[in-house]
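I opened a new model today. These are my notes on what I looked up.

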Amino acid sequence: MFAVVLSLVHDARDASDRLQVSNERTSTADRTLALVVNLETGLRGYVVSQDETFLQPHTHAIAALPGAQRDLLAATAGDPRQTATARELVDKSSAYLAWQRDQRTLAERDPEAAAELIATGAGKRQVDAVRALVGELVRRETQDARAEREHLDGVTARAITLATLGLLGIPLLLAAVVYASATRVSHPLQRLARAAHRVEEGDLEVRVQAAGASEIAELGHSFNAMAASLAQAREELEVHNEELEAQGAELEATVSELELEQARIQTFHDVVSAFTSEVELDRLAPLLLSKLRAAAGARGGALYVADPVAPERGLSLRETATLDPATLPGRLTPEAVETHFDRHLLLPLASSGRPMGAVLLLDPISNDFSTLQRMADAAAVALSNALALESARHAADINRAVLETAHDAFVAVDADRRITAWTPQAEALFGYSEWEARGQLVDELLLPERWRATYRAQHEELLEVGMETRRFEVPALHRDGRRMTIEVSVSPLKVGDTWQVNGFVRDIGGRVAHERAREAQRAVSQALAKAVPSEDVVPQILEALGRTLRWPVAVHWLPDPLADDGRRRATEWRDPGFEGDELPVSVKIPLSDGPAGFGAFEFWQRRRVPIDADLADALDSIGKLVAEVLERRRAQAEAEQLKNEFFALVSHELRTPLTSIIGYLELILEEEVGAVAEDQRQFLNVIERNARRLQRLVGDLLFVAQVEAGTLSLDRRELNLESVVLDAVQAARPRAEKAGVELVAETEPLPALDGDPDRLSQVVDNLVTNAIKFTPAGGRVTVRARRQSGSAVISVTDTGIGIPEDEQDRLFERFYRARSATDGEVQGIGLGLSIVRAIAHGHGGEVSLESRPGSGTTFTVELPIPIHEVTR
Amino acid sequence: MSDDPRTVLVADDDEDILQLVSFRLERAGYTVLTAGDGQQALAIAREHHPDLAVLDVMMPGLNGYEVTRQLRADAATAQIPVILLTARVQEADVSRGFEAGADDYLRKPFSPQELRSRVQAILARRSSVR
């Protein structure tokens with residue numbers, strides 16, 4: 001039985017060996033083919049995509065191919081026919097390898113040339129030749145292997161059956177031998193039994209020590225031989241298993257190929273949904289081109305599209321990719337196709353038999369035309385939608401443009417009378433913007449209340465009758481409440497399954513005239529507002545009115561008894577753009593009712609345009625307004641003149657007697673006309689003091705008047721402010737002593753100042769005089785002059801009664817007198833501080849005060865020091 | 001023009017001031033010719049060629065500006081220095097005076113002392129020029 005098993009096992013091993021050789025040949029041939037295919041696809045992928053990852057399989061294939069070739073030759077040794085095929089295969093694949101090396105160099109240097117070469121299919125033909133050889137080799141091997149495998153399967157099955165039976169028989173046999181050989185053999189047998197047990201457990205590597213009695217030794221040898229055979233058989237089974245695994249791998253490859261196909265279908269689906277989800281031509285066009293170009297692996301491309309508005313014009317260039325649009329024909333005509341596109345793939349994009357466009361693809365790599373055509377069909381549908389949208393938009397734009405350029409306003413309402421369309425003319429006419437008007441009930445928005453029912457009846461009737469246009473006049477309200485008369489031309493229109501009513505609206509009331517009248521009035525008001533008081537305002541009014549009303553010539557006539565026609569041309573305005581002869585029609589605007597008024601304006605019109613009531617009213621009121629303004633200006637000028645004369649009078653009539661009084665007093669006091677007794681001198685001094693006071697008062701009044709009239713003039717020169725201050729303080733000393741007030745001067749040298757010394761002296765004098773007046777005997781008045789940043793600062797501080805806070809603001813007002821002054825019967829008329837302020841302002845300075853009732857007051861005058869002095 | 005450089009013409013319509021000024025100038029050693037209005041002033045100036053004229057601006061008939069202008073316009077009287085007396089205070093009045101050809105001006109009320117010193121100053125300038 002062992003012999004049978006052993007022979008079977010041998011037989012099986014031989015068959016298995018042959019099968020293994022055959023497998024080896026098939027797999028090495030397949031591997032070679034796989035490497036060749038890698039070479040082809042890797043480089044093609046790189047050329048199309050410029051993606052470096054495609055080069056990895058290519059690089060690997062170049063390195064691995066020689067090894068695979070060697071393996072193939074080794075595997076086919078022993079079979080002359082297969083060796084011959086293998087040699088041919090090696091030659092072809094080596095040639096292809098060399099060609100691919102060149103191709104790769106070319107691809108890295110000049111991708112376009114490489115793509116062109118790939119497009120010729122030269123590489124593919126070589127790959128196909130290799131594929132054919134491999135196919136031949138594998139087919140032969142498969143035939144041989146099938147026979148071997150069937151044989152081996154049979155042998156193996158029998159050997160396994162026998163071996164199993166044998167294994168089961170061994171324990172029985174052993175039991176019999178044990179029984180026969182008793183104790184001499186018991187130990188070796190025990191070992192044998194243990195080994196058999198282990199074999200039973202699957203350990204085929206176990207061997208028994210072949211020692212002991214000869215039968216036992218024989219038995220051990222046999223056992224060992226059997227175990228070795230079994231081990232071999234198992235090895236072969238494992239080989240068989242591996243083969244099955246290889247088949248499984250093949251199945252897996254098929255599955256992954258199916259997955260790849262599914263991915264392709266998915267990609268196609270994605271592309272198509274991308275097309276259909278985009279309806280804007282601007283975005284769809286580049287999308288179509290890029291997707292189709294990618295799918296075809298084309299070097300470049302162009303998209304021609306039908307004109308959405310005029311499809312009969314044919315296809316024109318819309319979009320390009322990597323191609324210069326300038327080199328392409330603008331229109332796609334048969335001639336253009338012939339002359340320009342010999343290297344291009346032309347995919348027509350047609351939907352329902354109508355040409356929507358065409359895609360041109362330069363040097364496409366893919367030859368999967370059916371997929372490309374399917375994508376093109378989907379593209380055509382998307383393009384057709386986009387073109388329809390574009391065309392609809394264009395139509396809507398035209399409609400809107402027509403409505404917006406029409407003279408009349410256009411308003412549409414739905415069946416419920418809500419406004420659905422509102423053109424800019426409607427906004428201009430009624431004052432409501434589009435967003436304000438839309439959605440409102442048209443009759444409530446625009447019509448006076450008692451006209452709404454009438455309109456509603458018209459509306460209902462129109463909807464019932466259907467197609468008909470009606471024209472009617474109706475009063476309407478502007479947004480600002482103004483009433484106007486409009487003419488409306490309405491017609492119903494069915495849009496989809498709902499009705500709307502379209503209306504053209506025109507203002508037939510005096511709206512334009514009203515507007516003109518208002519503009520004229522506005523222009524005159526603006527001219528008056530802008531006019532400088534001292535200038536003649538008439539020319540501006542003539543120009544404003546002439547321009548606004550487009551009357552090119554205007555004249556202001558003034559009454560003149562000496563002239564032939566009793567008037568003279570005072571002012572004339574002519575539109576600079578007007579060159580022409582006498583104009584036939586003029587409009588007169590009288591400027592007052594009486595004969596001694598301000599004459600009249602006369603405007604000449606270009607054409608005979610009747611003056612409507614609104615404008616006539618406006619012109620009438622403009623005439624009155626201008627007369628009023630001129631009268632007011634005349635009165636003002638007169639008042640100004642009177643004031644000036646009054647000042648001249650006061651100054652002359654008051655000063656001349658004062659001059660005499662003081663002059664003669666001086667004469668007497670100087671004893672020019674004889675000796676003066678002491679008591680006489682005392683009384684004369686009283687007269688002189690009061691005459692001087694009167695003189696100062698007159699001076700102050702004149703000064704204030706000058707400030708009022710804006711004619712204050714300062715006699716400015718470079719001066720030393722410190723000495724001005726010290727002199728003024730010195731002059732005030734007698735008064736201070738008389739009042740029992742201590743007068744202190746604390747000054748420092750100051751930079752030269754540009755000012756009027758008399759006026760600045762007056763400032764110090766006024767402040768010091770005030771301070772002495774309001775400081776009780778025993779108090780103190782301190783005058784300081786110092787420099788503080790860019791200013792010279794004079795301050796006068798007293799220890800007097802102080803000034804309540806509510807009076808401080810009013811103190812600098814003209815003729816304002818503090819309550820303490822009136823209560824205490826302090827002399828003065830309330831001009832001193834207003835003069836101080838006027839002089840400070842006249843020097844670009846400022847005056848301020850700080851006071852606490854009961855503890856005293858400080859007046860501060862700040863005068864700017866000229867820049868050149870500041871930096872000195 | 002007189003050989004004695006101490007003849008002064010004073011013109012003012014206010015008799016009091018005319019007297020006052022005359023008195024002062026006479027006391028100072030000048031020969032004073034007086035005029036009550038512009039016309040008279042012009043006549044005296046043409047006849048006596050004073051060394052200096054002190055003219056009030058506001059006089060009835062011919063005012064001070066006008067008298068000055070006429071003096072300047074006549075070659076015989078063009079050289080007579082003129083001091084204007086003005087009660088006006090505005091700058092425009094002063095510049096009008098200088099435009100008319102006045103050499104100096106005094107604001108009213110003025111101190112007769114000051115007038116005397118101005119007269120002396122102008123006459124001193126004249127004689128030094130000469």
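The entries below cover a sheet, a helix lying on it, and a pair of helices.

**Entry 1: the sheet.** I kept in mind that this model is predicted. I looked for the strand order in chain A. I found 4 strands in an open sheet, ordered β11-β10-β13-β12. Their pairing is antiparallel. Next I asked why one side of β11 and of β12 is left without a neighbour in the sheet. β11 (567-574) and β12 (585-590) of chain A stand at the edges, so each has a single partner strand. I also looked up the twist, which averages 25° from one strand to the next.

**Entry 2: one strand pair.** I turned to β12(A) and its partner. How many bridges join β12(A) to β13 of chain A? I found 6, and the two strands run antiparallel. β13 spans residues 600-605. Within this pair, I589(A) stands opposite F601(A) of β13(A).

**Entry 3: a helix on the sheet.** I checked helix α16 of chain A, residues 538-549. Helix α16 lies across β10 (553-559), β11 and β13 of chain A. Its direction is at about 55° to β11(A).

**Entry 4: two helices.** I then moved to α20 (residues 757-773) and α23 (residues 832-842), both of chain A. They pack at an angle of about 145°, and their axes are 9 Å apart. The crossing of α20(A) and α23(A) is left-handed. I noted who makes the contact: α20(A) brings residues including L760(A), V763(A) and L767(A). From α23(A) come I835(A), V836(A) and I839(A), among others. By type, the contact residues of α20(A) and α23(A) divide into 7 nonpolar, 5 polar and 1 charged.

Key: Residues numbered from 1 in each chain as written. Chains lettered and ligands numbered in written order. Predicted model: local features only at pLDDT ≥ 70, side-chain atom pairs only at ≥ 80, totals over all residues. Pairing = 2+ DSSP bridges. Axes fitted to C-alpha atoms, helices over the stretch in contact; angles between N-to-C directions. Contact = placed C-beta atoms within 7 Å. Left-handed = near helix turned anticlockwise from the far one by under 90°. Nonpolar A, V, L, I, M, F, W, Y, C, P; charged D, E, K, R; others polar.
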